[in-house]
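Subject: Structure handover

Hello,

Here is the structure I said I would pass on. Please open it next to this message, as the notes below go through it part by part.

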Amino acid sequence: MLISVIVPTRNRKALLRQALDSVAAQNAPGVEIETIVIDNGSTDGTLEMLATDYPGVLRLASEERGSSPARNAGMRAAKGEWFAFLDDDDVWLPGKIARCLSLSQEYPEARCVWTAATVCDWRLTPLRKWTGPDLSHGPLTCAAFLRDSITPSAILMHRDVYAKVGEFDPALLRGQDLDYFCRAILAGFLFAAAPEEMVLYRLPERPTPQTLYRSYIHIAPMTARYMEMDIPGRPSASERRALLRHVQGYYADQLIQASRTLRHDDGDAAREALILALRVSPLHALKSLLKSALPT
């Protein structure tokens, strides 16, 4: 069986090396892995490093910037029965592919499977477990995926999904994976999940208030759009409002955390993060501030 691993990258040569080494360390018997790295205009010697140290990796150049065009180029070039996505700053544990394949055998009707991930800081120090949506109550819905989601680095996707759903939307600047897998859900594909943490998901070294805020202003309308669709499993009006409040609360809390992280060495950025948190949701921002002020 051939699995195509699709890795977009731009100017993160050292991190990319860790990601590729984790692909090479996979130990799935009877599986051949095709690794495709799509470069988004790196200027740090990434392509030279790949040619010298990873000659077996298929190297592609994406003329369009962004993860969607890069992943699309990788999927078009992929020859595997299954596609695996890996962000260039994430790392797989050695049994990740094997566990996903065994999960696909346990649930042969599933065309997207994932393992849990470990959220880590920039140095890969573990912080918390990330399991994704709860699938114990029935087939995955868009509402459940938009609420909890899972990193694309944890997902193994069958080629059938690509054939029916198509490509990632290049017009989306944030939340492209949320949109793609919601489209897969609406196309009728089934998902399965394993509880083992087989992915190290790396948080940015330095939180950027504007990046967090841009994510919010793209993902909030996307969430509202999917929630307004007349689709199977559509939540009630109160549940839709609760989900939108959840999105607001998540980003307000992330911005408050960024403000606390930045206040010691960049007061201007810390103030910007606080202002943006209040813009997203004054109530959630104030709750997060109050929570952080309470003794632990």
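Which residues point one way from strand β8, and which the other way? Before the answer, please keep in mind that this is a predicted model. In β8, which spans residues 155-158, I155 and M157 point one way, while L156 and H158 point the other way. All four of these residues are buried.

Strand β8 has pairing partners. Strand β4 (residues 82-85) runs antiparallel to β8 and is joined to it by three bridges. One of the pairs to look at is F83, whose bridge partner in β8 is M157. Strand β6 (residues 110-120) is also antiparallel to β8, and three bridges join the two. Here W114 has I155 as its bridge partner in β8.

Next, the helix pair α8 and α9. Two packed helices are described by the angle between their axes and the distance between the axes. For α8 (residues 209-228) and α9 (residues 237-262), the angle is about 175° and the axes are 10 Å apart. Because angles over 145 degrees count as roughly antiparallel, α8 is described as roughly antiparallel to α9. On the α8 side, the contact includes P209, L212, Y216, I219 and M227. On the α9 side, the residues in contact include R240, L243, V247, Y251 and L262. Sorted by class, the contact has 14 nonpolar, four polar and two charged residues.

Helix α7 (residues 176-186) is mostly covered, with nine of its eleven residues buried. Among the buried ones are Q176, D177, Y180, F181 and C182. Just after this helix, G188 has a positive phi of about 95°.

Now the salt bridges. How many does the structure hold? The count is twelve, and these are some of them:

- R183 with D179: the side chains meet at 3.1 Å, N to O. R183 and D179 are four residues apart in α7, so about one helical turn separates them. D179 counts as buried because its relative accessibility is 4%, under the 20% cut-off. R183, at 22% relative accessibility, counts as partly exposed.

- E196 with R99: the closest N and O atoms are 3.1 Å apart. This pair links distant parts of the chain, 97 residues apart, with E196 in strand β9 (residues 190-202) and R99 in helix α4 (residues 96-106). R99 is buried, with a relative accessible area of 19%, whereas E196 is partly exposed at 33% relative accessibility.

- R271 with D268: the side chains meet at 2.3 Å, N to O. R271 and D268 lie three residues apart in helix α10 (residues 267-280), so they too are separated by about one helical turn. D268 is exposed, with a relative accessible area of 56%.

- R12, D88 and D89: a network of salt bridges links these residues.

If you want a place to begin, display β8 with β4, which are joined by three bridges. After that, turn to α8 and α9, where the axes are 10 Å apart.

Regards

Methods:
Residues numbered from 1 in each chain as written. Predicted model: local features only at pLDDT ≥ 70, side-chain atom pairs only at ≥ 80, totals over all residues. Heavy atoms only, no water. Axes fitted to C-alpha atoms, helices over the stretch in contact; angles between N-to-C directions. Parallel < 35°, antiparallel > 145°, perpendicular 65-115°, else oblique. Contact = heavy atoms within 4.5 Å. Nonpolar A, V, L, I, M, F, W, Y, C, P; charged D, E, K, R; others polar. Salt bridge = Lys/Arg side-chain N within 4 Å of Asp/Glu carboxyl O. Buried < 20%, exposed > 50% of the residue type's maximum accessible area, 1.4 Å probe, protein only. Pairing = 2+ DSSP bridges.
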